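Open the model in your viewer and keep the sequence panel beside it. We will go from strand to strand, one selection at a time.

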Amino acid sequence: MKSTPSSSDEKSARLAQLQAVVDHGIYLATLGDRALAFSTVLKQARALLGADLSYVSLNDGDARTTSIQAVDGVLTPQFRHISMPLGTGLLGQVAESDHPMQTRDYLADSSLVPYPENDAKVGGEHVHAIMGVPLRCENITIGALVVADRYAHEFTAFQVDLLRSLAGQLSAYLAVEDSFATMRADHTSASERIDSLTVELRAARLEATVSRLAGDAMARKITVAEYVRALGAHFEQKIDLLGIDGWQPALVASAEGMLDVLATSAEAIVTVTNPALEGGEGVMARVEVDPHATAVLVLHGDVPEWKREALTRAADAVANLALAEQHAAEQATRDVRELIDYLTRSDQTIDRLSARTRLAHFGVDVGLPLHVTVIRSNHASTARIASALRRVVNPPTLLSEHGDHVCALLPRGASANPQAISEALSAEGVDAAVGMAGPEPLPDRLPGQHELARAVSDALINLGRVPAGATQASMGVLGALIGVDTSALIRVVIDTALGRLLEYDKSRGTSLVETLERYLDSGQRLQETADAMHLHVNTLRQRLTRIDSVLGENWRTPMGAFDLTAVLKARRLTQQSAVGG
């Protein structure tokens, strides 16, 4: 029993098989003998599909029959000379159809039209599983390419595609051979046929190049954008990738309209006219990554017919590359999230060597201290914050959604300015509070820096200072209170400075503390404060005089006002912490 290959082994094997098909097509084009071409194709079919035998038939349109022309791996002489009416058996059905067919067990398949004479020959060869692909030239089926095994099974979709590719190559060869025969018979059309053959050859070469580039792209893991740029050089026309859901349109103003044109068409490729395209026209091919992500390849200008099939193949390759790129990005996002979770959790012991090894894996210079940055917003989702942050910070920066905020680890000097980050985010339409701590050289101390950065971000939001960015040091007196806002020291400071006024409000049902805070926040402007509180200026003056009677007039001095402002801010932080805690 064969062992099951791993996904990576299977992928490598499939890439090798696809490359073999491309190489075979190039070699086949050099052959000048039909018998040698048949032999080459049949041997390649058996090798690629692992089949026991293979054979090719050609149709006689007048007699309505199809007859085997060449075989490989056949043991009995009777089988080599099978000829059967079109529509009978599997060979006869494939030879008059336009699509592949297969049977798991030929003689046991009641859905096939029997032909006893040839069925006996099939039994004599001990054939069970058969799969055939029609040979088509100029939209006419001229025969069939078939593989078979001496045991019952179903051929995979990938095997069907491989045989279809070989059949396409053989069909093209036969078409070219027939064309040359016609040219020799009719010299008057020689020039036109040569031109036609040149086009066919260019089309075949372009399709082979598209497939080769796709294989190279998969192997070297180049981006979708790089693959599209490489395609442009071989199509010799401008080519763009337009899309939605994160795909960056090259023609932003007209992309939506062109996508709508393709969405309403049943065709995989359509011609469009649009002034944004070079020459005012072009051809679009649908790129289907998944049901939620559709894009198109646009080839600008007048596109000849022979390039269209290659464009369709290129669109399929782009879809496969995009899907692989999408999966890789999702895995990288998960890996970064797990690493940030590991480095910022305070309920565990962090292994320094392991942490540095994992950081180095993402290109972070472990010799540089790290700034821990917490970004929060009451209006933007963490996904939107993360997306905007990736556009405004320089690599190498690790960032991830982290609960109700986004956490980023920035090496010292790499965009490590919280206010600049906040301003850049605002330019992206995201107003956020950016708290930063560090730099910290030791990974096992990052959890504490994360808590500090989170506290700074919370303080900015609680104080209404959004958008803004800060560190503990840049917040001055308030920064010194961060992290200890629920300690006995802070409670003593608040009680000493405001205790009498708080007690006055409590016993008399007044709101002098609020009045004081509003007045100081306004820069001690009477009219501005009165308007904000919907009071008459005289009423405000009376309240301030009452505050004088409780606290004394020293609070009106610059130093007294500064101290009371800091105490009121600390009290607000303490209240917010109590509500959130």
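Strands here are DSSP runs of E, at least two residues long, numbered from the N terminus. Two strands pair if DSSP finds at least two bridges between them. This is a predicted model, where local features need pLDDT of at least 70 and side-chain atom pairs count only at pLDDT 80 or more, while totals for chains, interfaces and linings use all residues. Residues are numbered from 1 along each chain as its sequence is written, and side-chain values use heavy atoms, with hydrogens and water left out.

Select residues 129-137, strand β5. Find I130; A148 in β6 stands opposite. β5 and β6 form a hairpin with 2 residues between them. Click E138 in the turn: its phi is positive, about 55 degrees.

**Stop two: the other partner of β5.** Select residues 101-103, strand β4. Here 3 bridges join β4 to β5, again antiparallel. Q102 has M131 as its bridge partner in β5.

**Stop four: a five-strand sheet.** This open sheet has the order β12-β13-β11-β14-β15, with mixed pairing. Its edge strands are β12 (398-402) and β15 (468-471), each pairing on one side only. Now select residues 433-440, strand β14. β14 and β15 pair in the parallel sense over 4 bridges. Finish on M436, which stands opposite T471 in β15.

Technical notes. Buried < 20%, exposed > 50% of the residue type's maximum accessible area, 1.4 Å probe, protein only.
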